[in-house]
Amino acid sequence: MNVKNVRKVKAFLVANGITQAQIAKDMGLARPTINRWISGYVQSQRIFEYFLTLGCPREYFVGRPEARKVA
């Protein structure tokens, strides 16, 4: 994921008062896993779909394999 989109995702979380720790807890994952996913180091369809349910714009994930799988 490019740096510009990583910043957009992180800004979205801050603007909406959502922490990576909250997401990790909701999903039963470790917070570093969420951070690594946001940064593009790991892939997860489940995390991608969760971010969409939060209202994070799909455009922030252009180029990610997860974004190509969901029509």
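This is a predicted model: local features need pLDDT of at least 70, side-chain atom pairs count only at pLDDT 80 or more; totals for chains, interfaces and linings use all residues.
1. The core. The largest nonpolar core has 18 residues. Within this core, the residues with the most contacts are Ile 34, Ile 38, Phe 51 and Phe 61. H1 gives the largest share, four residues. In soluble globular proteins, nonpolar side chains tend to be buried together.

2. Ile 34. Setting aside residues up to four places away in sequence, Ile 34 touches Gln 20, Ile 23, Ala 24, Met 27, Leu 29, Ile 47 and Phe 51. Phe 51 is, like Ile 34, among the residues with the most contacts inside the core.

3. Tyr 50. Beyond its neighbours within four places in sequence, Tyr 50 is in contact with Ile 23, Asp 26 and Met 27. For the pair Tyr 50 and Met 27, the C-alpha atoms are separated by 8.5 Å, while the two residues are 23 residues apart along the chain.

4. Phe 48. Is Phe 48 buried or exposed? Phe 48 counts as buried because its relative accessible area is 0%, and the cut-off for buried is under 20%. Phe 48 and Pro 65 lie 17 residues apart in sequence, with a C-alpha to C-alpha distance of 10.0 Å.

Terms used. Residues are numbered from 1 along each chain as its sequence is written. Side-chain values use heavy atoms; hydrogens and water are left out. Buried means under 20% relative accessible area, exposed over 50%, partly exposed in between (1.4 Å probe, protein chains only). Contact means heavy atoms within 4.5 Å. A nonpolar core is a set of buried Ala, Val, Leu, Ile, Met, Phe, Trp, Tyr and Cys residues joined through side-chain atoms within 4.5 Å. Helices (H or I, at least four residues) and strands (E, at least two) are DSSP runs, numbered from the N terminus.
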